[in-house]
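The sequence and structure come first.

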Amino acid sequence: DVNTVSGLLKLYLRKLPHVIFGEEQYPMFKKAADNNHDNPAQIALEFKNIIQSNAVPQPNFSLMYALFELLLRINENSRANKMNLRNLCIVFSPTLNIPVTVLQPFITDFSCIFQDGQPVDQQLREKIDLHIPGM
């Protein structure tokens, strides 16, 4: 059952002892998102630089890659599964205990951050106005 599998994934992610980025690395991602909040392409490039600098430990990198690739694929099939970028952020921002401003670039600009692609063009970006309290 899809609901059981997704529930188990969320439970696993909630029970992790640290943020998926690593405790010492998370502030770098948060700072990049906060300092460039009006420039999503720059956020993607800064995230890419952090990843390429090998600052993130390999186990964390592997988990990040697998999770964000999964979320990207889910978003790409949102017409069938009703899980668009906004809904993914609503579910996974609290689950991962990270703000939407940090989560969204990893889904939207996955190929830039992890696969040496380019940031998504500004006109093609899905704009979501979402604030989840407590982040």
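## Helix packing and burial

In this predicted model, Leu9, Lys10, Leu13 and Arg14 of α1 meet Val91, Phe92, Thr95 and Leu96 of α6. The residues of this contact divide into five nonpolar, one polar and two charged. The two helices, α1 (residues 2-15) and α6 (residues 85-96), pack at an angle of about 35°, and their axes lie 8 Å apart.

Helix α4 (residues 58-76) has 19 residues, which at 1.5 Å a residue should span 27 Å; the end C-alpha atoms are 27 Å apart, in agreement with that value. Buried residues in α4 are Asn60, Met64, Leu67, Phe68, Leu71, Leu72 and Asn75. These residues lie on the same side of α4, because they cover an arc of only 140° around the axis. On the face turned away from the buried side, α4 carries the exposed residues Gln58, Pro59 and Glu76.

Glutamine 104 belongs to helix α7 (residues 100-108). Its relative accessibility is 19%, so glutamine 104 counts as buried, the cut-off being under 20%. Leaving aside residues up to four places away in sequence, glutamine 104 touches Leu85, Cys89, Glu126 and Ile128.

Confidence is summarised by mean pLDDT below.

| Part | Mean pLDDT |
|---|---|
| Chain | 91 |
| α1, where confidence is lowest | 91 |
| α8 (residues 110-115), where confidence is highest | 97 |

Of the residues in the chain, 95% score at least 70. Where pLDDT is low, the predicted coordinates should not be read in detail.

Key. Residues numbered from 1 in each chain as written. Predicted model: local features only at pLDDT ≥ 70, side-chain atom pairs only at ≥ 80, totals over all residues. Heavy atoms only, no water. Axes fitted to C-alpha atoms, helices over the stretch in contact; angles between N-to-C directions. Helix = DSSP H or I, 4+ residues; strand = E, 2+ residues; numbered from the N terminus. Contact = heavy atoms within 4.5 Å. Nonpolar A, V, L, I, M, F, W, Y, C, P; charged D, E, K, R; others polar. pLDDT = per-residue confidence, 0-100. Expected span 1.5 Å × (residues − 1). Buried < 20%, exposed > 50% of the residue type's maximum accessible area, 1.4 Å probe, protein only. Arc of directions from axis to C-beta.
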